Amino acid sequence: MAVEIAFEQVDVFTDRPFAGNPLCVVPDGKGLSGEQMQAIAQEMNLSETTFVLPPTDPQATYWMRIFTPAKEIPFAGHPSVGTAYVMARAGRFPLQEPVTQIFQQVGVGTLPLDIEVSGGKPGRVIMTQGKPTFGEVLRDLTPVADALGVDVGTLARVNLPAQVVSTGLGHLLVPLPDLDVVGSLRPNVARLDALLQNCGALGCFVFCLQATSPDTFAHARMFAPGAGVPEDPATGSAAGPLGAYLAVHGVLPTGQTSFLIEQGIEMGRPSHLWVEVIRDAAGMPTTLRVGGTTVPVIRGTIRV
């Protein structure tokens, strides 16, 4: 017998519908198998679909499983923000002004989320990500250039490395010289997928230190073909690593603790991600926080 499962679709890292990164949230995933969750995610065909379950960690408010159209992943940014907003709006836990802190259990552990509350309603959600880890620096830029469809000399114009950084998910961060280069990218999917597999990264997060908005520090695009995501309009799990990367490589001024990233513009889904970098006494990043607002768009049921 078919069962109807409630879901909500929201747009994350935006203040208006039909922008940002769409997310499907199943607020009650109890009774669904992993295979069924994967099938639903494939049917929804969004960057990620989340399923909320009772936590196994007593500290956690809920357990969230995250699926791309191709596979389950242990952590992601816009699913963390969007799911917390959906659960808060549905009254699944009490809200206290001005900020309510909850804890989400995900594949990388149990992480805090701060929900800004005004008039009894949830607003911006800020996630605390895992401690940053810095992986491989790609010395040979030819495979990167071939995968992104640019000349290797274009990559060499930027005095910053292509490097894998993680705050829960590893992403290959690739600096580019300007908006024109970022906007003109047409990646070779097969070559990019092979490159990411070789360096142990889920996605390729390209960025430049120009932006279309004067209050924005960086402009970015994200490609994750191996996860079934040709391009992602807003990637919180890469925004935190970028904050750590910019701090370590001396790009983010010592006195600056937060900045904005714009993403999704080339897809017609403009997104804005707020990033906070907390450093130790030596100036090294120790804690990354990423936040944004969410807009509800669709509510319905799935027949399983």
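Trainee: Which parts is the protein chain divided into?

Mentor: Domain bounds come from an automatic or database domain assignment. Here they give domain 1 (4–128 + 293–303) and domain 2 (133–292). The centres of the two domains, taken over C-alpha atoms, lie 24 Å apart. Residues are numbered from 1 along each chain as its sequence is written. In this predicted model, local features need pLDDT of at least 70 and side-chain atom pairs count only at pLDDT 80 or more, while totals for chains, interfaces and linings use all residues; side-chain values use heavy atoms, with hydrogens and water left out.

Trainee: What area is buried between domain 1 and domain 2?

Mentor: Buried area is the accessible area (1.4 Å probe) that two parts lose on being put together, summed over both. For this pair it is about 2000 Å², with carbon and sulfur atoms giving 56%. On the domain 1 side, F13, F75 and I126 supply 27% of the area buried against domain 2, more than any other three residues.

Trainee: How many salt bridges are there between domain 1 and domain 2?

Mentor: A salt bridge is a side-chain nitrogen of Lys or Arg within 4 Å of a carboxyl oxygen of Asp or Glu. The count between these domains is two. Elsewhere on your list of pairs to view, D11 forms a salt bridge with R269, their closest N and O atoms being 3.0 Å apart.

Trainee: Is T49 buried or exposed?

Mentor: Buried means under 20% relative accessible area, exposed over 50%, partly exposed in between (1.4 Å probe, protein chains only). T49 counts as buried because its relative accessibility is 0%.
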